[in-house]
Amino acid sequence: MSFGDLEGKVIPDNVKGTYVEGRSSGAPFKMKYYLSDAVRDALKTTNCDTLIDAEVTNKTGLLVPSNSIIIKGKAIKSEELPTSGGK
């Protein structure tokens, strides 16, 4: 999942990155929660724009504030990935 430019990029098998976690939760008067918000939350403490090897969990409960999407993954910078042409 990325907010960067992945066009023509290749994600190698051994990419180094920091594991991060983020979430998007329901709240009173906010009935919706989004995967994109969870990704932004995970990346907010890094200078990265892409999550790889992501694990997404959806939790639901009786009350809206207990509904959430949680994402965990490895944060990387898309600009540092090699291109498919090897440039």
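The questions and answers below go through a predicted model of one protein chain.

Residues are numbered from 1 along each chain as its sequence is written. Because the model is predicted, local features need pLDDT of at least 70 and side-chain atom pairs count only at pLDDT 80 or more, while totals for chains, interfaces and linings use all residues; side-chain values use heavy atoms, with hydrogens and water left out.

Q: What makes up the helix and strand content of the protein chain, and in what order do the elements run?
A: Helices (H or I, at least four residues) and strands (E, at least two) are DSSP runs, numbered from the N terminus. The protein chain has one helix and three strands. Read from the N terminus, the order is β-α-β-β.

Q: Why is the protein chain called more spread out than a compact globule?
A: The radius of gyration is taken over C-alpha atoms, and the globule rule is 2.2 Å times the number of residues to the power 0.38. For 87 residues the rule gives 12 Å, and the protein chain has 15 Å, well over that value, so it is more spread out than a compact globule. The box filled by the C-alpha atoms, taken along the principal axes, is roughly 50 × 20 × 20 Å.

Q: What makes the three strands an open sheet, and which are the edge strands?
A: Two strands pair if DSSP finds at least two bridges between them. Eight bridges join strand 1 to strand 3, and eight join strand 2 to strand 3. The open sheet has the order 1-3-2, with antiparallel pairing. Strand 1 (18-25) and strand 2 (50-59) are the edge strands, as each pairs on one side only. From one strand to the next, the twist averages 20°.

Q: Which residues of strand 3 are the bridge partners of Ser24 and Val56?
A: Ser24 has Ile69 as its bridge partner, and Val56 has Ile71.

Q: How is helix 1 placed against the sheet strands?
A: Helix 1 lies across strand 1, strand 2 and strand 3, and runs at about 140° to strand 1. Axes here are lines fitted to C-alpha atoms, for helices over the stretch in contact, and angles run from 0 to 180 degrees between N-to-C directions.

Q: Why is Asn67 called buried?
A: Buried means under 20% relative accessible area, exposed over 50%, and partly exposed in between (1.4 Å probe, protein chains only). Asn67 has a relative accessible area of 13%, so it is buried. This residue, Asn67, lies in the loop between strand 2 and strand 3. Contact means heavy atoms within 4.5 Å. Leaving aside neighbours within four places in sequence, the contacts of Asn67 include Ser24, Tyr33 and Lys59.

Q: What makes Ile11 partly exposed?
A: Ile11 has a relative accessible area of 41%, so it counts as partly exposed. Ile11 is in the segment before strand 1. Not counting residues up to four places away in sequence, Ile11 touches Ile52 and Leu81.

Q: Why does Asp53 count as exposed?
A: The relative accessibility of Asp53 is 56%, so this residue counts as exposed. Asp53 lies in strand 2. Phi of Asp53 is near 50°, a positive value in a residue other than glycine.

Q: How do you know that strand 3 is mostly covered?
A: Of the nine residues of strand 3, eight are buried. Over the 87 residues of the protein chain, buried residues make up 28%.

Q: What makes a set of residues a nonpolar core, and which residues make up the largest one here?
A: A nonpolar core is a set of buried Ala, Val, Leu, Ile, Met, Phe, Trp, Tyr and Cys residues joined through side-chain atoms within 4.5 Å. The largest has ten residues: Val20, Ala38, Val39, Ala42, Leu43, Cys48, Leu51, Ile69, Ile71 and Ala75. Helix 1 gives the largest share, four residues. In soluble globular proteins, nonpolar side chains tend to be buried together.

Q: Which residues is Cys48 in contact with, leaving aside its neighbours within four places in sequence?
A: Cys48 is in contact with Leu43, Ala75, Ile76 and Lys77.
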